[in-house]
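Please look over the sequence and the model shown here.

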Amino acid sequence: MVRLPLVTPFRTSFMTEYHRDALLVCVRTPEGVEGWGECVAMREPFFSSDYLSAAADVIQRFLVPLLETMDDVTAEAASAVFTAVKGHPMAKAALETAILDAQLRSASSPVSLATYLGATHATVRAGVSVGIMDSIPELLEAVSGYLEAGYQRIKLKIEPGWDLTPVAEVRKRFGGDVPLQVDANGAYTWAQADDLVKLDDHGLLMIEQPFAYDDLWSHVRLGRRLATTPICLDESVASPNEVLTAVEMKAARIINIKPGRVGGYLRAKQISELCAEHDVQVWVGGMLETGIGRAANLALAALPNFKLVGDLSASERFFKEDITDPVVMNHGLIKVPDGPGIGVAPYKDVLDEAAEKAPPIVIPFVRRSPDQVQSLLEAAWMGPDMPALAGEPASAHRTAVAALA
Ligand code: OSB
Ligand code: MG
């Protein structure tokens with residue numbers, strides 16, 4: 001677990017973040033190749049039901065044991081067995097990404113995540129998400145700084161009482177041409193729909209997740225009242241089936257694809273293809289990722305279906321110091337990592353420092369039969385000090401899985 005202070009507090013309709021606490025997952029192959037993934041769950045279940053300690057728990061208690069029945073641990077196979085566990089997409093995504101990173105790095109010809117996924121761009125356009133502020137002058141100053149820095153699209157976080165005025169003021173100061181959109185993180189109820197309809201006159205690229213995650217119907221109803229502005233869903237859709245349902249209901253014309261929220265990069269790609277078949281636009285969302293998650297998100301954003309600018313900013317937008325080589329922006333563009341796997345790894349001193357505060361959880365990878373895993377799962381309610389189960393020792397060709405928490 002690492003804690004990174006944010007350069008400025010990030011306020012959304014559901015919380016204010018001062019730090020990014022990130023759970024990093026590392027898998028190590030018997031040959032010693034390491035792969036990394038970042039769990040984007042927050043400390044508290046305020047964005048979705050995922051939260052950090054639950055993610056660490058479900059990885060240790062359920063996801064790793066499921067892998068232990070497999071002869072050959074690959075990201076594709078892991079993604080399939082993880083469907084046995086309902087929910088917990090952010091935990092699954094973190095472990096699957098770590099496996100994928102190790103797999104791509106240890107291939108006979110190592111390949112980048114971007115190439116593996118089918119990327120068609122070497123750079124992606126940078127977009128920035130701007131938190132709710134205490135005053136309009138503060139907001140205008142922040143937006144001005146991001147535009148000067150070269151960001152190609154601005155997203156304003158909104159909530160009831162901080163919606164029309166900030167949007168109108170940003171339009172007044174920076175003009176009608178600035179690519180602008182808003183994100184409510186589900187803060188509105190249908191009773192407040194009139195306020196959202198008024199946003200229709202401001203040439204927004206989209207209104208993201210105005211209503212609660214489980215309120216698809218209000219998104220449908222709002223869509224009927226908006227003449228031009230498309231609705232985008234984030235929290236409401238965590239799987240291809242949910243995306244298909246939302247799209248067929250006409251709850252959204254745009255989908256924010258966050259690899260963590262949908263359970264990994266493989267499913268993220270699958271959703272992007274499903275959306276393309278339905279003429280639904282997609283973009284890569286962010287969760288205040290460290291360099292680990294940020295690098296992987298860039299690979300996804302380089303796929304051909306991602307035509308809209310995502311929440312992909314430079315590391316310095318959030319952190320004074322990142323835990324990897326920082327993601328940088330040049331003329332509003334960010335380079336897609338082209339090294340093997342996700343293309344980055346955490347700095348060793350960061351890991352050493354984190355380990356001093358909280359020792360990493362090391363999970364030896366043990367080969368188990370399905371019956372043994374069944375017994376393990378039956379014992380799982382007993383808490384972290386589960387009785388050790390006899391398993392065959394990991395043989396040389398099996399992947400050792402270790403989660404660093
Ligand atoms: O809803 O898009 C969101 C950050 C944390 C939790 C939810 C959201 C966000 C963002 C993205 O707005 C910020 C970023 O990582 O660039
Ligand atoms: Mg959002």
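His88 sits in the loop between H2 and H3. The backbone of His88 has a positive phi of about 50°, although His88 is not a glycine. Most residues other than glycine have a negative phi.

A second residue with a positive phi is Leu288, where the angle is near 55° and the residue is again not a glycine. Leu288 lies in the loop between strand S11 (281-284) and helix H12 (291-301). Leu288 counts as buried, since it has 22 C-beta neighbours inside 10 Å. Leu288 also belongs to the residues around ligand 1.

The mean pLDDT is 93, and 94% of the residues reach 70 or more. Strand S9 (residues 231-233) has the highest confidence, with a mean of 99, while strand S14 (residues 400-402) has the lowest, at 35. Over residues 387-405 the pLDDT is below 50, and this stretch has 56 contacts in the model beyond near neighbours in sequence. Where pLDDT is low, the predicted coordinates should not be read in detail.

Next comes the chain as a whole. It contains 14 helices and 14 strands. Its radius of gyration is 21 Å, close to the 22 Å that the globule rule gives for 405 residues, so the chain is as compact as a globular protein of that length. Along the principal axes, the C-alpha atoms fill a box of roughly 65 × 40 × 40 Å. Of the 405 residues, 49% are buried. Among contacts between residues at least 6 apart in sequence, 74% join residues at least 24 apart.

How is the chain divided into domains? The assignment gives domain 1 as 2-110 + 346-402 and domain 2 as 114-335. The centres of domain 1 and domain 2, taken over C-alpha atoms, are separated by 27 Å. Domain 1 and domain 2 each give 31 residues to the contact between them. On the side of domain 1 that touches domain 2, the elements giving two or more residues are strand S1 (2-11), strand S2 (16-28), strand S3 (34-39), helix H2 (75-82) and helix H3 (89-105). The largest share of that side, 8 residues, comes from H3. By class, the side of domain 1 that touches domain 2 has 19 nonpolar, 5 polar and 7 charged residues.

Is Asp21 buried, exposed or partly exposed? With 15 other C-beta atoms within 10 Å, Asp21 is partly exposed, because that class lies between the limit of 12 or fewer for exposed and that of 20 or more for buried. Not counting residues up to four places away in sequence, Asp21 touches Met1, Arg3, Arg43 and Leu52. Asp21 and Arg3 are 18 residues apart along the chain, and their C-alpha atoms are separated by 4.4 Å.

Terms used:
Residues numbered from 1 in each chain as written. Chains lettered and ligands numbered in written order. Predicted model: local features only at pLDDT ≥ 70, side-chain atom pairs only at ≥ 80, totals over all residues. pLDDT = per-residue confidence, 0-100. Helix = DSSP H or I, 4+ residues; strand = E, 2+ residues; numbered from the N terminus. Contact = placed C-beta atoms within 7 Å. Near = placed C-beta within 6 Å. Domains from an automatic or database assignment. Nonpolar A, V, L, I, M, F, W, Y, C, P; charged D, E, K, R; others polar. Rg over C-alpha atoms; globule rule 2.2 N^0.38 Å.
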